[in-house]
Amino acid sequence: MPTYTKLTAMGQYVPARVVDNDELATIMDTSDEWIQAHTGIKTRHYAMNDENTSDLATQVAQQLLQKSGVAASAIDLILVTTITPDALTPATACLVQANIGASNAFAFDLSAACAGFTFGLATADKFVRSGQYQNVMVISAEANSKMMDFQDRTAAVFFGDGAGGALLQATTDPAENSILAEKLQSQGNAEVIHSGRVQPITKVAADNYPKTDAFYQAGRDVFQFATTVVPEQMRGVIADAKLSTDDLQYVICHQANLRIIEKIAVNLALPMAKFPHNVEQLGNTSSAGVAMALASVFDTLTGPTLLTAFGGGLAYGSVLIKK
């Protein structure tokens, strides 16, 4: 008997510290007017002091357990998507596993930049459909603030921190299947978006020490890619499911920039009312943005909803779901 994937619960979390545009304007050459005009962003949240990516993800994991009534010991897999892990190793997912006491799970991280939640859902779906895993967490968590160059106003004003996630459960009832169609792609481009590059050594010496770089993006190239290439993928996924854009209850895009979301809405000839968004208050939270936006409307889902995200790689993915 085939096994299907049911989307059971959603959660989201942001750190307490709020940073508005005026505060950023005190440390770099920018203004609230410029930021809102170009991005739509008014505020963002930053993880501070001892709060790191795993802590954000743990908050979401605990919500998923509470909302679903599933015991931590029943979780089979914890998949965390992030480009801002606590460390290169161990995986942030393993830290979450320890924090919630999911002793019977295995855990790993997935790096697909801002497309992480769509890549994570598609990946987790395969584990569930294998019939071996009954309860799977997919959590997207980012502490982008720790990777910012606060002298680079072209990037730093965009980003915020947060986490969102889903609990997926196995079902044998095809009517309960939540994953209707998907398409994942990448272009193998290392220059448009990059972060945390680790430099190789130049000599064998006692003063060698690991060095990494800050986040960088070529904003114009990202905008062009997101508003031309990505909508074509979206149309393909909708067509694969034998639906039209009018059949969609919601379209939840990567929360990169309100202007990009508005442009995609025009491209698809859909009203902005169908595009839940949180970027004005939370900024670009990388892979967490789609998860948090979905969590905000999850209780109202009655029809097909398209999730689409894009980021470094260049990676882009669309997953069509229903509740």
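In what follows, Ala, Val, Leu, Ile, Met, Phe, Trp, Tyr, Cys and Pro count as nonpolar, Asp, Glu, Lys and Arg count as charged, and the others, Gly among them, count as polar. With that in hand, we can walk through this predicted model, starting with its pockets.

The largest pocket has a volume of about 550 Å³. It is lined by 23 residues, and those closest to its centre are Ile-83, Thr-84, Pro-85, Ser-195 and Gly-196. Two elements, β5 (106-110) and β9 (193-194), each give two or more residues to this lining. By class, the lining of the largest pocket divides into 11 nonpolar, 9 polar and 3 charged residues.

The second largest pocket holds about 470 Å³ of space. Here 24 residues form the lining, with Phe-158, Gln-217, Gly-219, Arg-220 and Asn-257 closest to the centre. The elements that supply two or more lining residues are α2 (32-39), α6 (153-156), α7 (219-240) and β12 (305-311). Of these, α7 gives the most, with 4 residues. The classes in this second lining are 13 nonpolar, 9 polar and 2 charged.

Buried here means under 20% relative accessible area.

Strand β7 pairs with strand β1 (residues 4-13), running antiparallel to it through 9 bridges. Within that pairing, Leu-7 stands opposite Leu-168 of β7. Strand β6 (residues 135-143) also pairs with β7 in the antiparallel sense, over 9 bridges, and there Met-137 has Leu-167 of β7 as its bridge partner.

The table sets these pairings beside one from the sheet described next.

| Strand pair | Bridges | Direction |
|---|---|---|
| β1 and β7 | 9 bridges | antiparallel |
| β6 and β7 | 9 bridges | antiparallel |
| β11 and β12 | 4 bridges | parallel |

An open sheet is formed by 4 strands in the order β8-β13-β12-β11, with mixed pairing. Its edges are β8 (179-189) and β11 (250-253); each has a single partner strand, so one side of each is left without a neighbour in the sheet. On average, neighbouring strands of this sheet are turned by 10 degrees against each other, direction ignored. In the parallel pairing of β11 with β12, Val-251 stands opposite Leu-306 of β12.

Helix α10 (residues 288-297) lies across β11, β12 and β13, at about 150 degrees to β11.

**A closer look at Asp-32**

One residue is worth a visit of its own. Asp-32 sits in helix α2, an element that gives two or more residues to the lining of the second largest pocket. Its relative accessibility is 26%, so Asp-32 counts as partly exposed. Neighbours within four places in sequence aside, Asp-32 is in contact with Asn-21 and Asp-22. Thr-43 lies 11 residues from Asp-32 along the chain, and the C-alpha atoms of the two are separated by 9.6 Å.

Note on methods: Residues numbered from 1 in each chain as written. Predicted model: local features only at pLDDT ≥ 70, side-chain atom pairs only at ≥ 80, totals over all residues. Heavy atoms only, no water. 1 Å grid on protein atoms, 1.4 Å probe; cavity = no way out; pocket = protein on both sides within 12 Å on 5 of 7 lines; lining within 4 Å. Points joined across faces, edges and corners; volume = space filled by probe spheres on them. Pairing = 2+ DSSP bridges. Axes fitted to C-alpha atoms, helices over the stretch in contact; angles between N-to-C directions. Contact = heavy atoms within 4.5 Å. Buried < 20%, exposed > 50% of the residue type's maximum accessible area, 1.4 Å probe, protein only.
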